Amino acid sequence: MQITLTPEATEKIRQFLEDHDSRSAAGLRVAVLPGGCSGFQYGLNIEEAPEEDDEVLELDDFRVFVDPFSAQYLEGVQIDYVSGMMGQGFSFTNPQASGGCGCGSSFTV
């Protein structure tokens with residue numbers, strides 16, 4: 001599985017992990033959840049350890065946890081962190097998405 005993080009996303013995730021005061025086993029969970037205005041939405045969360053069936057990716061100096069359901073929708077996704085006049089947050093570029101909506105966090109496959 002391939003997930004790409006921009007330098008801006010990497011830096012923000014590092015900050016979250018440091019603020020979380022996590023053990024070394026902690027990492028970022030990237031998930032796809034049913035819902036949102038287009039059918040699926042992305043979820044990010046800091047977790048102490050992976051689940052038994054997670055795929056664990058070593059990206060930069062931290063780990064990314066992806067569950068089997070989410071993995072099928074996340075292949076090739078790029079995660080960025082953007083900041084602008086309309087706000088700030090993570091954005092996803094997903095080559096598998098066939099559509100989305102204006103919120104930027106919901107997609108269709």
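Tutor: Here is a walk through the salt bridges, pair by pair. The model is predicted. A search of the whole structure finds four salt bridges.

Start with R14. Its side chain meets that of E11 in a salt bridge, at 3.8 Å from N to O. That falls inside the cut-off, because a pair counts when a side-chain nitrogen of Lys or Arg is within 4 Å of a carboxyl oxygen of Asp or Glu. Both residues belong to helix α1, which spans residues 7-20. They are three residues apart, so about one helical turn separates them. E11 is partly exposed, with 39% relative accessibility. R14 is partly exposed too, at 27%.

R14 has another partner. It forms a salt bridge with D61, and the closest N and O atoms are 2.9 Å apart. D61 lies in the loop between β4 (55-59) and β5 (62-66), while R14 lies in helix α1, so this pair ties together parts that are 47 residues apart in sequence. D61 counts as exposed, at 57% relative accessibility.

Now turn to the strands. E47 forms a salt bridge with R29, with the closest N and O atoms 2.8 Å apart. E47 is in strand β3 (residues 40-47) and R29 is in strand β2 (residues 27-34), so the pair links parts 18 residues apart in sequence. E47 and R29 are both buried.

Finally, the network. Salt bridges with shared partners join E11, R14 and D61 into one network. R14 pairs with E11 and also with D61.

Terms used. Residues are numbered from 1 along each chain as its sequence is written. This is a predicted model: local features need pLDDT of at least 70, side-chain atom pairs count only at pLDDT 80 or more; totals for chains, interfaces and linings use all residues. Side-chain values use heavy atoms; hydrogens and water are left out. Helices (H or I, at least four residues) and strands (E, at least two) are DSSP runs, numbered from the N terminus. Buried means under 20% relative accessible area, exposed over 50%, partly exposed in between (1.4 Å probe, protein chains only).
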